[in-house]
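Please look through the sequence and the model before reading on. The notes below take the points in order.

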Amino acid sequence: MIGGFKMERTVLTVEGMSCSHCENAIKKSVGALDGVSSVEVDLKGRTVTVEYDGSKVSLDKIKNEIEDQGYDVV
């Protein structure tokens, strides 16, 4: 628990990531969302792991942010 809130951790499968630019774009955009505490990108595994406060940001908002960067959350 951080600040009295339980942090949620979600692993998303993301298609279309292929390089460090992809990784950095996702880390920067998702990491800028209020309530997101960490973003890990695994290019080979095609996953994005996000730790966030569900009272501040929804999983749908996180998915939309990744898709706005041009990637597909499957």
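Is Glu15 buried, partly exposed or exposed? Glu15 is partly exposed, with a relative accessible area of 28%. Here buried means under 20% relative accessible area, exposed means over 50%, and partly exposed is in between (1.4 Å probe, protein chains only).

1. Basis. This is a predicted model, in which local features need pLDDT of at least 70, side-chain atom pairs count only at pLDDT 80 or more, and totals for chains, interfaces and linings use all residues. Residues are numbered from 1 along each chain as its sequence is written, and side-chain values use heavy atoms, with hydrogens and water left out.

2. Four strands form an open sheet in the order 2-3-1-4, and their pairing is antiparallel. Strand 2 (36–42) and strand 4 (72–73) are the edge strands, each pairing on one side only. Strands (E, at least two residues) and helices (H or I, at least four residues) are DSSP runs, numbered from the N terminus. Two strands pair if DSSP finds at least two bridges between them.

3. Strands 1 and 3. Strand 1 (residues 7–15) and strand 3 (residues 47–53) run antiparallel and are joined by seven bridges. Leu12 has Val48, in strand 3, as its bridge partner.

4. The helices. Helix 1 (residues 20–31) packs on the sheet and touches strand 2 and strand 3; contact means heavy atoms within 4.5 Å. The direction of helix 1 makes about 165° with that of strand 2. Helix 2 (residues 59–68) lies across strand 1, strand 2, strand 3 and strand 4, and runs at about 30° to strand 1. Axes are lines fitted to C-alpha atoms, for helices over the stretch in contact, and angles run from 0 to 180 degrees between N-to-C directions.

5. The structure holds three salt bridges, each a side-chain nitrogen of Lys or Arg within 4 Å of a carboxyl oxygen of Asp or Glu. In one of them, Glu51 pairs with Arg9, with the closest N and O atoms 3.2 Å apart. Glu51 is in strand 3 and Arg9 in strand 1, so this pair ties together parts 42 residues apart in sequence. Glu15 and Arg46 form a salt bridge at 3.4 Å, N to O. Because Glu15 lies in strand 1 and Arg46 in the loop between strand 2 and strand 3, the pair ties together parts 31 residues apart in sequence. Arg46 is partly exposed, at 38% relative accessibility.

6. Glu23 and Lys27 form a salt bridge, the closest N and O atoms being 3.2 Å apart. The two residues are four apart in helix 1, so about one helical turn separates Glu23 and Lys27. Lys27 is partly exposed, with a relative accessible area of 33%.
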